[in-house]
Amino acid sequence: MSIVHTTAAELAASIADGRLTSEEVTKAFLDRIAAVDGTVNAFLHVDAEGALAAARAVDADRASGKPLGPLAGVPVAVKDIVVTKGLPTTAGSKMLEGWVPPYDATIVERLKAAGMPILGKTNLDEFAMGSSTEYSAFGVTRNPWDLKRTPGGSGGGSSAAVAAGMAPLAIGTDTGGSIRQPGAVTGTVGGKPTYGANSRYGLIAFSSSLDTPGPVARTMLDAALLHEVIAGHDPKDSTSIPQDPSPVAAAARAGLNGDLSGVRLGVVEQFSAGDGAEPGVVAAYQAGVEALAKLGADVVEVSCPNFEYALPAYYLIAPSECSSNLARFDSVRYGLRIGDDGVRSLEEVMAATREAGFGPEVKRRIMLGTYALSSGYVDQFYGQAQKVRTLITRDFDNAFGQVDALISPTTPFTAFEFGSRTQDPYQMYLADLYTIPANLSGGPAVSVPVGLSDGLPVGLQVMAPTMRDDVAYRVGAALESTQDPRLSDQIPDVADKEL
């Protein structure tokens, strides 16, 4: 098996015992990027020199007998909404084109401290707003399974990089499903940790009460290992939870034993019928549910009646917070500045800059959010959405009084063709229909590859109680153990596909 086909856990073990060097591993992935990313466009910036230097440092530490972390020497890609000192960070927007941050995000500091070379920055929908990576200002990312289709979004670059074998691991961010939905449509594992369990310091904010960084990987164990590297309290983040994260790697290993005896799983009644979902997605999901039952899980139906209001509530809360957060891009302090001819007023320069710097989806959400927060409407829209958020959280609490975890499809449909949904924003928003409730409640959720529909990957979502990320990883790993071969082991040969 080639290096790029090897799991992160196996690569870490080989580096630790000297069968491979980190430099060899990192170079193999850089070579893979050079070979196929011209077609896929998963990366906005590749830092070959920095990655190889970090890899050599790990090799030197191993040779000197220094203790290594569980993923030391294993390279990782980082979504380009996470700031990286000395490397461009654009958030997929012309507004930040060419900006090089003077500091690292906390999760990047933790990756470096763990000895993980950073391969580069991955493409995304502008400011993480989208479900297809078609809204990047720097070109679309293509799905390695079918180059005419999207890799999901907003983190399509991270998921495509892992799916195409260009990185064994990647960092994404999940605001309404932006790790899990791309994971489902690219056949990768995507994890949204409990909100506050991972630091948001150094994430370019979209929706501050929802944004959650998390792992993208090819296996549940790989995702769990990366999750543990980046998790933990951060005093720089006021929303960070001051308690130790649950031991998710041990839970993933336990799940791989394939025994779910005593585990009670709830099928969400509002999602189980698959209303609006493609038949192939429903079939693959139902096969996954049956596989979990054969592993000993007690599967019951659970009603979460307010989940049906999650989509409209989210598209009031998230745009409102986006409108506030993106007000900082005003042409004055940093970023793009247009029309400064010494004659026009500051207001005119600001308007020209925001017109040129923001793309159509960002403008749409800023306008929605500004209206929802405007005088006379804030209680009618934003306030009501927050009440719905509370009701959805209560639905989760009631459900977890009956079951250990909830399961649903990750997304209603497989990867869709470019341009097929951009003309109708509502159809694009439906991609996150099943993922949004977990963001509104703050609880953890993971997407696990569960099969194919017409040759395209399908994901099953596992949602667990707040701070019980270990439950989601155990159930997801158990489901993964039923797949032979694992869907995530199948790296599509991009060279054989036509644009």
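Analyst: What follows describes a group of aromatic rings and the core around them. The model is predicted. If sequence neighbours within four places are set aside, Phe127 is in contact with Ile81, Ala91, Ser93, Met95, Leu96, Ile204, Phe206, Leu326, Phe329, Phe358 and Val362.

Two residues in that list, Phe329 and Phe358, also belong with Phe127 to a cluster linked by ring pairs. Trp99 and Tyr334 complete the cluster. In the structure as a whole there are 16 aromatic pairs. One of them joins Phe329 and Tyr334: the ring centres are 5.8 Å apart and the planes meet at 85°, so this pair is edge-to-face. The cut-off for that label is an angle over 60 degrees.

Phe329 has a relative accessible area of 3%, so Phe329 is buried. Tyr334 is at 33%, and therefore counts as partly exposed. Buried requires a value under 20%.

The charged end of Arg421 sits over the ring of Phe413, 3.8 Å from the ring centre. Arg421 also lies over the face of Phe416, where the distance to the ring centre is 5.0 Å.

Notes: Residues are numbered from 1 along each chain as its sequence is written. This is a predicted model: local features need pLDDT of at least 70, side-chain atom pairs count only at pLDDT 80 or more; totals for chains, interfaces and linings use all residues. Side-chain values use heavy atoms; hydrogens and water are left out. Contact means heavy atoms within 4.5 Å. Rings of Phe, Tyr and Trp (its six-membered ring) pair if their centres lie within 6.5 Å; planes under 30 degrees apart count as stacked, over 60 as edge-to-face and the rest as tilted. Buried means under 20% relative accessible area, exposed over 50%, partly exposed in between (1.4 Å probe, protein chains only). A charge sits over a ring if NZ of Lys or CZ of Arg is within 6 Å of the ring centre and within 35 degrees of the ring normal.
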